[in-house]
Structure formats: structure tokens, C-alpha cells
Amino acid sequence: MKNGMEEKLIRPTLEEMDQEIERLRHQKRIHGAVKWTLYSLAVVAAMAVLIATLWMPVLKITGSSMSPTLKNDEMVVAIRTKHFKSGDVIAFYYDNKILIKRVIATAGQYVDIQEDGTVLVDGEVLDEPYIEEKSKGECNIQLPYQVGDGQIFVMGDDRPISLDSRTSAVGTIGKEKILGRVIFRVWPWSGFGHVQ
């Protein structure tokens, strides 16, 4: 007795106990599903980072040396490969930076650039639908130039401003410095697609 009133002990009914057990089971299932989802997301994120680091790096374009093909602030995906041909867009390490240029010629080929900017590889005019303006640009190498073993001759698509294999400062690119071939533009969405 407390203050003249009798305390009652309330006992749940079997139905209430069954409901409470079902609520706890449901809560446990939700926690399990959330835990499994978080674990799955962590595994997928780790795999994405691994793939991006080892096989398909994502790169941000800075500058306009590859315009009109690639523009400042666009994002692209490169794929690691050791096989390149004329016309491929590649990313490579140069002076603690990553540069993106187009393959013009590979080992053993001769590159010549006429005064009007027309590029010849092994004596044949290179078809370059990706450039807007021909220009010899900054060129201080002896032409015609033979590409050495294990080297690649590269040029930017914006020929008047690009610093590339036409200058001894950059020179040809050793295959060991190449990060990969740029294959896909992923940002902005309006430009999403294959890089040519």
C-alpha cells in the first residue's frame, strides 16, 4: 500500500509478448540489413579505389593544350596499357605532373612538321580531324625527327600553345612514364562519352 492505494503489478498478455518478440526480431533483421549494406558499400568503394589506382585512373584536365578534344576542368578515365598507336590520347608523367597529349608517332617513325603546321609521319601527311588550327608552334628539335626505341612522339591538339615533343624541354615520352590511354570523358555529363 502506498498513500492508501494498492500497487498493481501489470503482466503482459501472451499476445503482447508475441508482438514484442516480433518487434525485436524485426529490429534485428533491420540492423543486419543495414550492417550488410554498409559492409557491401565499403567493399565496393575499396574495389573502386583499387581499380582507379591500379587499372583505370580518373584524371582532371587542367589547361587548354588538348582543346577542342578536352577542355579545362573536364574529367577523364585512362586505362593502363602498353600498346599505343598514332591518334591515341595518353596521360604521362612529366616533371612531377601528369600531362595529356596525343600520340603522333611511335618508335622508329620519322616526324616532320612543315612551316604551316602540317605534320608528316614517315613522309605521309597525318590526317588530323581533331585539331582546329595547324601550327608549327614552339619547335626547337631537328626535323625530320626519328622517334627512338621505347619512345613516343606526342603533341597537344591546340597546336599554337601546346608544349610537347616538338620542344627539347619535353621531348619524346618513354613508355615507362606513360600512365595510360585516355578512353572516356566522365565529366561534365553533357560531354560523357568516348575520347577520340
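Asp 164 touches Lys 101, Val 154, Met 155, Gly 156, Val 170 and Gly 171, residues up to four places away in sequence not being counted; contact here means heavy atoms within 4.5 Å. The model is predicted: local features need pLDDT of at least 70 and side-chain atom pairs count only at pLDDT 80 or more, whereas totals for chains, interfaces and linings use all residues. Residues are numbered from 1 along each chain as its sequence is written, and side-chain values use heavy atoms, with hydrogens and water left out.

- Asp 164 lies in the loop between E9 and strand E10 (173–174); helices (H or I, at least four residues) and strands (E, at least two) are DSSP runs numbered from the N terminus.
- Asp 164 is buried, with a relative accessible area of 0%; buried means under 20% relative accessible area, exposed over 50%, and partly exposed in between (1.4 Å probe, protein chains only).
- The side chain of Asp 164 also makes a polar contact with the side chain of Arg 166, at 2.8 Å. A polar contact is a pair of N or O atoms within 3.5 Å; within protein, one must be able to donate a hydrogen and the other to accept it, and residues adjacent in sequence count only if both atoms are side-chain atoms.

**Overall architecture**

- The chain contains 1 helix and 12 strands, in the sequence order α-β-β-β-β-β-β-β-β-β-β-β-β.
- Of its 196 residues, 34% count as buried.
- Among contacts between residues at least 6 apart in sequence, 58% join residues at least 24 apart.
- The accessible surface of the chain comes to about 13,000 Å², and 57% of that surface belongs to carbon and sulfur atoms. Accessible areas come from the Shrake-Rupley method with a 1.4 Å probe; for residues, only the protein chains shown count as cover.

**Nonpolar cores**

- In soluble globular proteins, nonpolar side chains tend to be buried together.
- The largest nonpolar core has 14 residues, and those with the most contacts inside it are Ile 104, Val 111, Val 119 and Phe 153. A nonpolar core is a set of buried Ala, Val, Leu, Ile, Met, Phe, Trp, Tyr and Cys residues joined through side-chain atoms within 4.5 Å.
- At least two residues of this core come from each of strand E4 (97–106), strand E5 (110–113), strand E6 (119–121) and strand E9 (151–155).
- Apart from this core lies another, of 12 residues, among them Leu 70, Ala 78, Ile 100 and Val 182.
- Val 111 touches Ala 105, Val 119, Leu 120, Leu 143, Pro 144, Tyr 145, Val 147 and Phe 153, not counting residues up to four places away in sequence.

**Backbone features in loops**

- The peptide bond from Leu 143 to Pro 144 is cis, with omega near -10°, and Pro 144 is placed in the loop between strand E7 (124–125) and strand E8 (145–146).
- A cis peptide bond also runs from Ser 67 to Pro 68, with omega near 10°; Pro 68 is in the loop between strand E1 (58–60) and strand E2 (75–79).
- Asp 73, in the loop between E1 and E2, has a positive phi of about 75° although it is not a glycine.
- Asn 96, in the loop between strand E3 (89–94) and E4, has a phi near 60°, a positive value in a residue other than glycine.
- Asn 96 counts as exposed because its relative accessibility is 84%.

**Salt bridges**

- The chain has 9 salt bridges, each defined as a side-chain nitrogen of Lys or Arg within 4 Å of a carboxyl oxygen of Asp or Glu.
- The side chains of Asp 73 and Lys 60 meet in a salt bridge (3.6 Å, N to O). Asp 73 lies in the loop between E1 and E2 and Lys 60 in strand E1, so the pair ties together parts that are 13 residues apart in sequence.
- Asp 73 counts as partly exposed, at 41% relative accessibility.
- Lys 136 forms a salt bridge with Glu 115, the closest N and O atoms being 2.8 Å apart. Lys 136 is in the loop between E7 and E8 and Glu 115 in the loop between E5 and E6, so this pair ties together parts that are 21 residues apart in sequence.
- Glu 115 counts as exposed, at 66% relative accessibility.
- Glu 128 and Arg 159 meet through their side chains in a salt bridge (2.5 Å, N to O). The pair links distant parts of the chain, 31 residues apart, with Glu 128 in the loop between E7 and E8 and Arg 159 in the loop between E9 and E10.
- Both Glu 128 and Arg 159 are buried.
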